[in-house]
Amino acid sequence: MKTILIVDDEPAARYGLRRALEAQYRIAEVHSAEAAREALPREQPDLVLLTWCCRARTGCRSCGGCASRGARCRVLMVSALDTAKTAVEALQLGAADYLVKGFELEELRQRVEILLKLATLEKENDALKRRLTTEGQFGR
């Protein structure tokens, strides 16, 4: 079962996201970017749902933290800010997708599913490349 790490400072928001996704995925929750950095190696999530924290702008800076700490997971940034600048900044800092709060639950589920499929395809592609490298193009 795929694991999703939800990072949000609002307990009600974490609860809503968990309830929307827990039927299909294992859910881990933390309340801050700092707690997320500690949880990444322990939980080894396949996807991180990360809330943009407007006050400290820590959400986006944490996007890069997933990749820099060796976690091979995608980040779906969730934000109340509906501006192109914010979305572009999130993507530049490593988010795989950007979702504005007020979304429909089905949209969330679809985006999560797409990002997890992309991650699976990426892992399969890497495995096939390694296999080609060790076995050669025509087998052993």
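I started at the end of a helix: just after α2, Gln 44 takes a positive phi of about 45°. Helices here (H or I, at least four residues) and strands (E, at least two) are DSSP runs, numbered from the N terminus. The model is predicted, so local features need pLDDT of at least 70 and side-chain atom pairs count only at pLDDT 80 or more, while totals for chains, interfaces and linings use all residues. Residues are numbered from 1 along each chain as its sequence is written, and side-chain values use heavy atoms, with hydrogens and water left out.

**Gln 44**

I noted the phi because most residues other than glycine have a negative one. I placed Gln 44 in the loop between α2 and β3. Gln 44 is exposed, with a relative accessible area of 61%. For exposure I used these limits: buried is under 20% relative accessible area, exposed over 50%, and partly exposed in between, with a 1.4 Å probe and protein chains only.

**Helix α2**

I then went back along the helix itself. Which residues of α2 are buried? I found Ala 33, Ala 35, Ala 36, Ala 39, Leu 40 and Glu 43. They cover an arc of only 150° around the axis, which puts them on the same side of α2; the arc is that of the directions from the helix axis to the C-beta atoms. An α-helix has 3.6 residues a turn, so residues three or four places apart point the same way. On the face of α2 turned away from the buried side I found the exposed residues Glu 38, Pro 41 and Arg 42.

Ser 32 is buried, at a relative accessible area of 16%. Its side chain reaches the backbone nitrogen of Ala 35 at 3.1 Å. I took a polar contact as a pair of N or O atoms within 3.5 Å; within protein, one must be able to donate a hydrogen and the other to accept it, and residues adjacent in sequence count only if both atoms are side-chain atoms.

**Cores**

I looked next at the nonpolar cores, each a set of buried Ala, Val, Leu, Ile, Met, Phe, Trp, Tyr and Cys residues joined through side-chain atoms within 4.5 Å. The largest has 18 residues, and Leu 5, Val 7, Val 30, Val 48, Leu 50 and Met 77 touch the most other members. At least two residues each come from β1 (3–7), β2 (26–30), α2 (33–43), β3 (47–51), β4 (74–79) and α4 (84–92). The most come from α2, with 4 residues. A second, separate core has 17 residues, including Leu 17, Leu 76, Val 78 and Leu 108.

I listed the contacts of Leu 5 (heavy atoms within 4.5 Å). Not counting residues up to four places away in sequence, Leu 5 touches Ala 28, Glu 29, Val 30, Ala 36, Ala 39, Leu 40, Pro 45, Leu 47, Val 48 and Leu 49.

**Sheet**

I traced 5 strands in an open sheet, in the order β2-β1-β3-β4-β5, with parallel pairing. β2 and β5 (97–100) are at the edges with a single partner strand each, so one side of each is left without a neighbour in the sheet. The twist averages 20° from one strand to the next. Strands count as paired if DSSP finds at least two bridges between them. I found 5 bridges between β1 and β2, and Val 7 stands opposite Val 30 in β2. Another 5 bridges join β3 to β4, where Thr 51 has Val 78 as its bridge partner. For β4 and β5 there are 4 bridges, and Leu 76 partners Asp 97.

How many of the 6 residues of β4 are buried? I found 5, so the strand is mostly covered. Ser 79, in β4, is buried at a relative accessible area of 0%. A polar contact of 3.2 Å joins the side chains of Ser 79 and Tyr 98.

I noted that α4 lies across β4 and β5, at about 145° to β5. Helix α5 (residues 105–135) lies across β1, β3, β4 and β5, at about 160° to β4. Axes are lines fitted to C-alpha atoms, for helices over the stretch in contact, and angles run from 0 to 180 degrees between N-to-C directions. Within α5 I checked Ala 119, which is buried at 12% relative accessible area. Ala 119 and Cys 73 are 46 residues apart in sequence and 7.4 Å apart in space, C-alpha to C-alpha.
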